[in-house]
Amino acid sequence: MGPAGGPAVIRARVIVASNRAAAGVYEDTSGPLLVTGLRELGCEVDPPVVVPDGDPVGEALLAAREERVDVVLTSGGTGITPTDRTPEVTRAL
């Protein structure tokens, strides 16, 4: 139950794994789309967190867990270069 006996608000976070977007080479577009969709579903969600691929993804996931976020969506980090390790990092958590 949420405040005043109403429905509980689902807290969500979007984490985007992109070396180039994190470095400012280009603006990520997937994160804002996911945030919009989550908000349309009634979730409370901040702007997306954009991090380089690899360990920073794990750090962002751990931060979300520590903050007791209910739902985390990730985007990116699934290319074929050695730095694209989002699946491995998320699997470990």
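Which residue in β3 does alanine 17 stand opposite? Alanine 17 stands opposite valine 51. The model is predicted, so local features need pLDDT of at least 70 and side-chain atom pairs count only at pLDDT 80 or more, while totals for chains, interfaces and linings use all residues. Residues are numbered from 1 along each chain as its sequence is written, and side-chain values use heavy atoms, with hydrogens and water left out.

**Strand β1 and its partners**

Helices (H or I, at least four residues) and strands (E, at least two) are DSSP runs, numbered from the N terminus. Two strands pair if DSSP finds at least two bridges between them. Strand β1 pairs with β4 in the parallel sense over six bridges, and in β4 serine 75 is opposite valine 16. Strand β3 (residues 49–51) also runs parallel to β1, and three bridges join them. With β2, β1 pairs in the parallel sense over two bridges; alanine 12 has valine 45 of β2 as its bridge partner.

Strand β1 is mostly covered, since six of its seven residues are buried. Here buried means under 20% relative accessible area, exposed means over 50%, and partly exposed lies in between (1.4 Å probe, protein chains only).

**Helix α2**

In α2 (residues 30–40), the buried residues include Gly31, Val35 and Leu38. These three lie on the same side of α2 because they cover an arc of only 65° around the axis. The arc is that of the directions from the helix axis to the C-beta atoms. An α-helix has 3.6 residues a turn, so residues three or four places apart point the same way. The buried residues of α2 pack against β1 (11–17), β2 (44–45) and β4 (71–76), where contact means heavy atoms within 4.5 Å. Leu33 and Glu40 are exposed, on the face of α2 turned away from its buried side. Just after α2, glycine 42 has a positive phi of about 95°.

**Salt bridges**

There are two salt bridges in the structure. A salt bridge is a side-chain nitrogen of Lys or Arg within 4 Å of a carboxyl oxygen of Asp or Glu.

| Pair | Distance, N to O |
|---|---|
| Glutamate 44 and arginine 11 | 3.9 Å |
| Arginine 13 and glutamate 67 | 2.6 Å |

Arginine 13 lies in strand β1 and glutamate 67 in the loop between α3 (55–66) and β4, so this pair ties together parts 54 residues apart in sequence. Arginine 13 is buried, at 13% relative accessible area, whereas glutamate 67 is partly exposed, at 40%.

The salt bridge between glutamate 44 and arginine 11 links distant parts of the chain: glutamate 44 is in strand β2 and arginine 11 in strand β1, 33 residues apart. Glutamate 44 is partly exposed, with a relative accessible area of 47%. Arginine 11 also counts as partly exposed, at 29% relative accessibility.

**Arginine 85**

Arginine 85 is found in the loop between β4 and α4 (86–92). Its relative accessibility is 33%, so arginine 85 counts as partly exposed. Leaving aside residues up to four places away in sequence, arginine 85 touches Asp53, Gly54, Asp55 and Gly77. From arginine 85 to glycine 37 the separation is 48 residues in sequence and 25 Å in space, C-alpha to C-alpha.
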